[in-house]
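Here is a walk through one protein model, written for someone who likes to know the cut-offs. Have the viewer open as you read.

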Amino acid sequence: MADNTIRIVGLQVGKVERLGPDGVPSGIVKRPTADRVRVGTTGIEGDGVADLRVHGGPEKAVYAYPGEHYPRWAEEFPEHAGKWVAGGVGENLTTKGFDETDVRIGDVFRSATGLALQVAQPRQPCFKFALKFEDESLPQAMLMNGRCGWYFRVLSEGTVAAGDALALEERGPENWTVARFQRLTTIAKKELTPELLREIAKTPSVALNWRRWAEERLAR
């Protein structure tokens, strides 16, 4: 990160569309908007969510993705040339300045409009990412390379537009970057000690579903 600011280089919203031969409903298809839009506690106004059990809601209100990742995707998967653009993986905010190794669970960012966003959890790619690109290998590739992006919860409502800046206002726990959290909860679960699980379970800024997940693993 060059400074303590996330710059929004792309803003995308989308309606629920049907993907694949079975017509699976999904909100992963996002399109750029030049408008300034309102952001509430459950998401961006006008942005569609197909299944609130796994997307959207207070703990996944806004999905952010570092735009710096797209050139690497294009190098690794050139067969999808033209699709590795802002909004390509389904994010609302395409960002510049921070990535998963910089951002921590619990970090708070604020814009000049008063919008305050807190990092709550990494994105866990699902089969709809594969359906959008017609490539079943992509969700696993995202898990392995860690270029997953993160979800914000909304602490204070406001508006957002492409070109806005989000200033880092408060830092989360040093031990819990998005990259480390994502790795330990997906591809490196064997490294999760009881101490680490207790830490996840007791960290208020961690999304509630992950705190409950940690508690359940401890109970087992």
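## Strands, pocket and core

Arg 38 stands opposite Thr 159 in strand S12. That pairing belongs to strand S5 (residues 37-40), which is joined to S12 by three bridges and runs antiparallel to S12. Before going further, some bookkeeping: this is a predicted model, where local features need pLDDT of at least 70, side-chain atom pairs count only at pLDDT 80 or more, and totals for chains, interfaces and linings use all residues. Residues are numbered from 1 along each chain as its sequence is written, and side-chain values use heavy atoms, with hydrogens and water left out.

On terms, helices (H or I, at least four residues) and strands (E, at least two) are DSSP runs numbered from the N terminus, and two strands pair if DSSP finds at least two bridges between them.

Back to the sheet: S5 sits in the order S6-S5-S12, an open sheet of three strands with antiparallel pairing. Strand S6 (43-44) and strand S12 (158-160) are at the edges with a single partner strand each, so one side of each has no neighbour in the sheet.

| Strands | Sense | Bridges | Residue pair |
|---|---|---|---|
| S1 (residues 5-13) and S13 | antiparallel | three | Arg 7 and Ala 165 |
| S9 (residues 108-110) and S13 | antiparallel | three | Val 108 and Glu 170 |
| S7 and S11 (residues 150-156) | antiparallel | three | Ala 64 and Trp 150 |
| S7 and S8 (residues 93-96) | parallel | three | Tyr 65 and Thr 94 |

Is S7 buried or exposed? Five of its five residues are buried, so S7 is largely enclosed by the rest of the structure. (Buried means under 20% relative accessible area, exposed over 50%, and partly exposed in between, with a 1.4 Å probe and protein chains only.) In a regular strand the side chains alternate between the two faces of the sheet. In S7 both faces are covered, with Val 62, Ala 64 and Pro 66 on one side and Tyr 63 and Tyr 65 on the other. S7 also makes a right-handed β-α-β unit with helix H1 (residues 70-76) and S8; right-handed here means that, with the strands pointing away from the viewer, the path from the first strand over the helix to the second runs clockwise.

S7 turns up again around helix H3 (residues 138-145). The buried residues of H3 are Leu 138, Pro 139, Ala 141, Met 142 and Leu 143, and what covers them includes S7, H1, H2 and helix H4 (178-185), where contact means heavy atoms within 4.5 Å. After H3 comes Gly 146, with a positive phi near 75 degrees.

Glu 134 is exposed, at a relative accessible area of 73%.

Now for Phe 109, which is found in S9. Phe 109 is buried, with a relative accessible area of 0%. Leaving aside neighbours within four places in sequence, its contacts include Ile 6, Phe 98, Leu 115, Phe 152 and Leu 168. Phe 152 is 43 residues away along the chain, yet the two C-alpha atoms are separated by 9.5 Å.

Ser 111 lies in the loop between S9 and strand S10 (116-122). Ser 111 is buried at 8% relative accessible area. Not counting residues up to four places away in sequence, Ser 111 touches Thr 159, Ala 165 and Leu 166.

Finally, the pocket. How much space lies in the largest pocket? About 350 Å³. A pocket is an open set of points on a 1 Å grid over the protein atoms alone, where a 1.4 Å probe fits, with protein on both sides within 12 Å along at least five of seven lines; lining residues have an atom within 4 Å of a point. Grid points are joined across faces, edges and corners, and the volume is the space filled by probe spheres set on the points.

Of the 28 lining residues, Lys 30, Gly 48, Val 49, His 55 and Gly 56 are the closest to the centre of the pocket. S6 and helix H2 (127-133) each supply at least two residues of the lining. The lining divides into eleven nonpolar, eleven polar and six charged residues, counting Ala, Val, Leu, Ile, Met, Phe, Trp, Tyr, Cys and Pro as nonpolar, Asp, Glu, Lys and Arg as charged, and the others, Gly among them, as polar.
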